[in-house]
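Welcome! Please take a look at the structure below, and then work through the exercises that follow.

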Amino acid sequence: MDTIINAFFNIDIMRQAAPLLLKGAWVTLQLCAVVIILGISGGLALGLLASSKNAAVRLPAFVFIDVFRAIPPLILLILIYAGLPFIGIRVPPFVAVCIAFLLNNSAYFAEIFRSGIKSVARGQTEAARATGLSPAQTQAYVILPQAVRNVLPDLLSNVVEIVKLTSIASVVSLTELLYSANMARAVTYNSSPLVMAALMYLVVLWPLVRVISRFQRGLSISS
Amino acid sequence: MSASQPLPTLEITALEKRFGETQVLRSIDLKVANGELVFVIGPSGSGKSTMLRCCNRLEEPTSGAIHVNGKPMLGITRRDLDRMRLQVGMVFQGFFLYPHLSVLKNVTLAQRKALKRPAAEADARALEMLDKVGLKHKANAMPGELSGGQQQRVAIARALALDPKVMLFDEPTSALDPELVGSVLKVMRDLREGGMTMIVVSHEMQFAREAADRVVFMDGGVIVEQGIPDEIFGNPKSERLRAFLSRVSGEAA
Ligand SMILES: Nc1ncnc2c1ncn2[C@@H]1O[C@H](COP(=O)(O)OP(=O)(O)OP(=O)(O)O)[C@@H](O)[C@H]1O
Ligand SMILES: [Mg+2]
């Protein structure tokens with residue numbers, strides 16, 4: 001028992017590692033803010049394209065969504081960070097992560113927005129257009145608010161996935177939470193910093209996960 | 001156009017509509033005068049909804065022309081179409097209120113965004129229209145809290161608030177429980193008294209007898225027969241109309 005506590009829950013080591021981990025957590029937080037905003041924006045734009053009546057617009061959007069949902073984000077990240085220099089483009093780790101996440105997250109968010117838009121009755125669009133609202137106004141004031149409401153649990157779940165996924169940024173030496181924790185582990189020969197990192201994720205994400213399952217229960221009761 | 005004949009509020013000329021290979025409307029001509037209530041009847045699939053939906057281009061006509069107060073609905077830019085649509089109010093069988101907006105916001109949205117009315121003016125107009133349909137006290141309710149009849153009256157108020165020149169009703173009471181039909185028909189009757197120009201597709205034959213100026217019978221994508229209600233119901237000329245009326249009255253009995 002003591003060995004387990006010593007190896008994974010060593011308070012002294014956690015205390016020592018805390019400043020480093022907090023710095024890493026700060027980077028993770030910034031990273032999350034940027035990639036979530038990028039992903040939602042890209043996903044919304046892509047989701048609207050994928051909902052278009054015009055096949056010439058819709059099909060490329062579908063291909064993009066399918067391709068980037070199928071490629072493992074870690075491969076994408078390494079390709080961008082380590083592969084692009086071979087064609088003369090060198091990007092800093094943070095930017096590489098942002099690009100990889102933009103491609104991957106947009107595809108996921110787009111699919112969620114698309115299914116949300118599809119879930120809104122066609123009559124809603126017709127009613128709005130019949131009152132003289134333009135296509136853009138119809139989307140903004142009538143369709144999207146209902147679409148987002150219909151897929152809110154999925155959107156939040158995706159945010160949780162993205163927050164966890166930012167830990168892959170450690171492979172390109174971005175000093176986010178996992179990278180910092182792993183560094184502390186290597187220095188101290190002790191896994192407690194990793195456990196601490198996991199706990200930090202848990203503290204932030206648990207409430208969010210609870211909210212999501214409350215939503216989902218609410219939805220399944222009302223439907 | 002001769003000077004003695006006033007401009008029709010709505011004019012449908014040689015309207016054709018095909019969905020792929022199926023011809024749904026063939027050469028429809030219809031003029032609706034200012035303040036007139038035209039009631040459209042016909043069997044299922046005869047093209048009644050398609051004709052109404054072509055009038056504000058929710059359905060794109062294959063050929064022909066639509067004019068509202070002499071202004072064309074076809075061959076205009078999308079912006080101009082949006083502006084023209086303000087003059088053509090539409091009420092659907094399924095109401096289609098915006099479920100995420102309060103009753104008041106349902107009635108102000110297009111006033112604000114399409115007509116660009118200031119907020120205070122739009123609110124005042126919305127309350128006035130809600131009062132007209134007897135639902136001013138529900139202004140802050142959500143659509144989901146209303147009965148079907150109430151929702152349909154809000155949908156009517158939403159269209160009226162834009163000051164349309166003509167109102168199109170596509171089976172406005174068909175989705176309602178029988179006891180709620182009366183309240184919607186009463187609003188429509190009030191509208192007619194107020195001089196609104198209306199085209200009504202419906203199966204409420206009693207309403208047609210009382211309120212319609214003219215009844216149009218459609219079958220197979222053409223207008224087969226039209227006339228004043230007494231003529232159409234009392235003395236149908238065509239075999240198809242006779243068959244339709246006996247079928248309908250058979251169902252009602
Ligand atoms: N989007 C569409 N694509 C293909 N065919 C259509 C479409 N909309 C309508 N139709 C066809 O056009 C014909 C006329 O339909 P419409 O809805 O205008 O009839 P209606 O007279 O309103 O009938 P109902 O009394 O059942 O409402 C029908 O045969 C229908 O199947
Ligand atoms: Mg119909």
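**Exercise 1. Find how strand 3 and strand 9 of chain B run and how many bridges join them.**

Step 1. Strand 3 (residues 37-41) and strand 9 (residues 214-219) of chain B run parallel, with four bridges between them. Strands are DSSP runs of E with at least two residues, helices are runs of H or I with at least four, and both are numbered from the N terminus. Two strands count as paired if DSSP finds at least two bridges between them.

Step 2. Contact here means heavy atoms within 4.5 Å. Axes are lines fitted to C-alpha atoms, for helices over the stretch in contact, and angles run from 0 to 180 degrees between N-to-C directions.

A note on the model: it is predicted, so local features need pLDDT of at least 70 and side-chain atom pairs count only at pLDDT 80 or more, while totals for chains, interfaces and linings use all residues. Residues are numbered from 1 along each chain as its sequence is written, chains are lettered from A and ligands numbered from 1 in the order in which they are written, and side-chain values use heavy atoms, leaving out hydrogens and water.

**Exercise 2. Give the strand order of the six-stranded sheet in chain B and name its edges.**

Step 1. The sheet is open, its pairing is mixed, and its order is 6-7-8-3-9-10.

Step 2. Strand 6 (88-91) and strand 10 (222-227) of chain B each have a single partner strand, so one side of each is left without a neighbour in the sheet.

Step 3. On average, neighbouring strands of this sheet are turned by 20° against each other, direction ignored.

**Exercise 3. Describe the four-stranded sheet of chain B and the helix that lies across its strands.**

Step 1. This open sheet is antiparallel and has the order 2-1-4-5.

Step 2. At the edges stand strand 2 (22-32) and strand 5 (71-72) of chain B.

Step 3. Strand 4 (residues 63-68) pairs with strand 5 of chain B over two bridges, and B:H67 stands opposite B:P72.

Step 4. Helix 1 (residues 48-55) of chain B lies across strand 1 (10-19), strand 2 and strand 4, at about 120° to strand 1 of chain B.

**Exercise 4. Describe chain A and its contact with chain B.**

Step 1. Chain A has nine helices and zero strands.

Step 2. The contact takes 18 residues from chain A and 22 residues from chain B.

Step 3. About 1,800 Å² is buried between the chains, 60% of it on carbon and sulfur atoms. Buried area is the accessible area (1.4 Å probe) that two parts lose on being put together, summed over both.

Step 4. On the chain B side, B:Y98, B:H100 and B:K113 lose the most area to chain A, together 29% of what that side buries.

**Exercise 5. State the volume of the largest pocket and which residues are closest to its centre.**

Step 1. The largest pocket holds about 820 Å³ of space. A pocket is an open set of points on a 1 Å grid over the protein atoms alone, with protein on both sides within 12 Å along at least five of seven lines; lining residues have an atom within 4 Å of a point. Grid points are joined across faces, edges and corners, and a volume is the space filled by probe spheres (1.4 Å probe) set on the points.

Step 2. The lining has 25 residues, and A:S51, A:K53, A:R122, A:T125 and A:Q139 are the closest to the centre.
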